[in-house]
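Hi there,

I am handing over the structure we talked about, and my notes follow right after it. Have a look at it first, then read on.

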Amino acid sequence: MKLEDYSPGLGELYKDFVVRIDEPKESKESEALHGRGASTGIARGKVKIVQSPDDDFPKGGNVVLAAKVTTPDLVGLMKKSVAIITDQGGILSHAAIIARELGKPCVVDAANATTKLHDDDTVEVNGTTGEVKIISKARE
């Protein structure tokens, strides 16, 4: 029995097929961050940086949850937010999947969003383009 490696054959078949993965780009404007749009929509609100489900999360109002990554124990807070931003992740990350289930805009892989943003900054999250515009800063 002859074993055949299909890699060269597949490589030849798909030689014209190009997968393009755009790297997230840092905005030249200091008033915007860029990541990957993971759940479509646009929402505005005040940022709350979350590190654990025990963090105080404002009730009511438009609150944007920002975290390094999300985990199942943060779903309760994700439900209370109007949008989600994470430093890491992709379109199949926990944040992206839950945001789509909840119908909330989500930007993942936003580099250092949790260090560049502060609690109570007002932002606009565009889950389609992956842009997070800083409308106003809470502190300078």
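A word on conventions first. This is a predicted model, so local features need pLDDT of at least 70 and side-chain atom pairs count only at pLDDT 80 or more, while totals for chains, interfaces and linings use all residues. Residues are numbered from 1 along each chain as its sequence is written, and side-chain values use heavy atoms, with hydrogens and water left out.

**Overall fold**

The protein chain has 4 helices and 8 strands, where helices (H or I, at least four residues) and strands (E, at least two) are DSSP runs numbered from the N terminus. Along the sequence their order is α-β-β-β-β-α-β-α-β-α-β-β. Of its 140 residues, 39% count as buried; buried means under 20% relative accessible area, exposed over 50%, and partly exposed in between, with a 1.4 Å probe and protein chains only.

**Around strand 5**

Strand 5 covers residues 83–86, with Ala83 and Ile85 pointing one way and Ile84 and Thr86 the other way, and all of them are buried. Strand 5 pairs with strand 4 (residues 63–67) in the parallel sense over 4 bridges; for a pairing, DSSP has to find at least two bridges between the two strands. Within this pairing, isoleucine 84 of strand 5 is the bridge partner of leucine 65. To get from strand 4 to strand 5, the chain passes through helix 2 (residues 75–80), and this β-α-β crossover is right-handed. Right-handed here means that, with the strands pointing away from the viewer, the path from the first strand over the helix to the second runs clockwise.

Strand 5 also runs parallel to strand 6 (residues 106–108), and 2 bridges join them. Here isoleucine 85 has valine 107 in strand 6 as its bridge partner. Alanine 96 lies in helix 3 and is buried, with a relative accessible area of 0%. Its C-alpha is 7.8 Å from that of valine 107, although alanine 96 and valine 107 are 11 residues apart in sequence.

**Salt bridges**

There are 4 salt bridges in the structure, each one a side-chain nitrogen of Lys or Arg within 4 Å of a carboxyl oxygen of Asp or Glu. I will go through these pairs from among them:

- Aspartate 109 and arginine 36 form a salt bridge with the closest N and O atoms 3.2 Å apart. Aspartate 109 is in the loop between strand 6 and helix 4, and arginine 36 is in strand 2 (residues 36–39), 73 residues apart. Arginine 36 is partly exposed, at a relative accessible area of 23%.
- Glutamate 124 and arginine 44 form another, with the closest N and O atoms 3.0 Å apart. Glutamate 124 lies in strand 7 and arginine 44 in strand 3 (residues 42–49), so the pair ties together parts that are 80 residues apart in sequence. Glutamate 124 is buried at 16%, whereas arginine 44 is partly exposed at 47%.
- Aspartate 121 and lysine 137 meet at 3.7 Å, N to O. Aspartate 121 sits in the loop between helix 4 and strand 7, and lysine 137 in the segment after strand 8 (131–136), 16 residues apart. Aspartate 121 is buried, with a relative accessible area of 0%, and lysine 137 counts as partly exposed at 30%.

**Backbone points to check**

Aspartate 109 turns up again here: its phi is near 55 degrees, a positive value in a residue other than glycine. Aspartate 120 has a positive phi as well, about 75 degrees, although it is not a glycine. Aspartate 120 lies in the loop between helix 4 and strand 7 (122–126) and counts as partly exposed at 45% relative accessibility.

**The largest pocket**

The largest pocket has a volume of about 180 Å³. On a 1 Å grid over the protein atoms alone, a pocket is an open set of points where a 1.4 Å probe fits, with protein on both sides within 12 Å along at least five of seven lines, and lining residues have an atom within 4 Å of a point. The volume is the space filled by probe spheres set on the points, which are joined across faces, edges and corners. Residues lining the pocket include Ile49, Pro53, Lys68, Asp73 and Thr114. By class, the lining has 6 nonpolar, 4 polar and 2 charged residues, counting Ala, Val, Leu, Ile, Met, Phe, Trp, Tyr, Cys and Pro as nonpolar, Asp, Glu, Lys and Arg as charged, and the others, Gly among them, as polar.

Best wishes
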